Amino acid sequence: MNPLKHVAIIMDGNGRWGLKYKNSRNAGHKEGVNTVQKIIKASVRNNIKYLTLYAFSTENWRRPKKEIDYLFNLLEEFLLNKIESLHKQNIKLKILGSKKFSSKLNKLLNRSEKKTSKNTKLQINLALNYGSKSELMNAFKKIKKNRERINEKNLGKNLQTRGIPDPDLLIRTGNTKRLSNFLLWQLAYSEIFFEKKLWPAFNEKDYNKIIKEYRNIKRNFGNI
Ligand code: IPE
Ligand code: IPE
Ligand code: MG
């Protein structure tokens with residue numbers, strides 16, 4: 001049975017779910033937050049140590065302002081309402097990506113990270129304004145600036161995921177098979193599951209089914 005420390009998820013399909021059932025993309029984003037809560041609980045139950053959630057990519061700024069504003073309001077509401085409860089559950093929050101938001105949201109993110117920084121049960125990495133290419137470019141620039149050697153170890157420690165083991169498992173919901181600029185370096189040997197269901201429809205049962213399947217895969221890492 002494969003150990004499972006780190007699950008990464010591309011939470012895709014909110015807009016399509018919202019349009020289909022509520023005639024509004026934003027309604028899908030709202031429903032998506034419920035799935036986030038379910039999957040956090042299920043991750044704790046599965047004793048997973050790191051859960052990395054792709055919430056907003058560097059490319060998502062291309063969307064209409066109305067949708068972007070709605071998404072960041074949802075995030076703000078989620079943090080204001082849930083950070084206390086996450087903290088009580090011994091859950092740590094870390095933001096991946098560059099925090100270039102309103103000063104109000106930046107402060108809230110920093111406060112939430114600081115408050116939960118010592119927690120040990122589960123670490124949630126929330127990828128917000130995250131793009132893997134920009135993360136890699138920044139890492140190379142830092143290596144150059146610090147006159148470090150270019151090797152895997154130094155690259156790893158200059159990425160935002162420093163200290164975090166690579167994902168064992170990547171799940172993308174929403175029936176689309178691409179990485180969309182997510183963790184390109186870190187996913188080198190992850191087991192990848194593309195799930196047909198849209199993110200708001202994804203549930204603990206679906207998650208556990210994938211985990212069960214993952215546990216039985218023969219992971220070779222180049223060996224035989
Ligand atoms: C993913 O759902 C959530 C974000 C990118 C914020 P989408 O909004 O991409 O949903 P679809 O893919 O359009 O259905
Ligand atoms: C990927 O979903 C980003 C997030 C889930 C945050 P997108 O819906 O933005 O991906 P593309 O644009 O279809 O590749
Ligand atoms: Mg999408």
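Reader: Is Leu 179 buried, partly exposed or exposed, and how are those words to be read?

Author: Buried means under 20% relative accessible area, exposed over 50%, and partly exposed in between, with a 1.4 Å probe and protein chains only. Leu 179 counts as partly exposed because its relative accessibility is 28%. This is a predicted model, in which local features need pLDDT of at least 70 and side-chain atom pairs count only at pLDDT 80 or more, whereas totals for chains, interfaces and linings use all residues. Residues are numbered from 1 along each chain as its sequence is written, chains are lettered from A and ligands numbered from 1 in the order in which they are written, and side-chain values use heavy atoms, with hydrogens and water left out.

Reader: Where is Leu 179 found?

Author: Strands here are DSSP runs of at least two residues, numbered from the N terminus. Leu 179 is in the loop between strand E5 (169-172) and strand E6 (191-194), and its C-alpha is 9.8 Å from that of Ser 132, although the two are 47 residues apart in sequence.

Reader: Which side chains have polar atoms close to an oxygen atom of ligand 2?

Author: A polar contact is a pair of N or O atoms within 3.5 Å. For an oxygen atom of ligand 2, the distance is 2.7 Å to a polar side-chain atom of Arg 178, 2.8 Å to an N or O atom in the side chain of Asn 60, and 3.3 Å to a polar side-chain atom of Arg 172.

Reader: Which strand gives the most to the shell around ligand 2?

Author: Strand E2 (residues 50-57) does, with three residues.

Note on methods:
A polar contact is a pair of N or O atoms within 3.5 Å; within protein, one must be able to donate a hydrogen and the other to accept it, and residues adjacent in sequence count only if both atoms are side-chain atoms. Helices (H or I, at least four residues) and strands (E, at least two) are DSSP runs, numbered from the N terminus.
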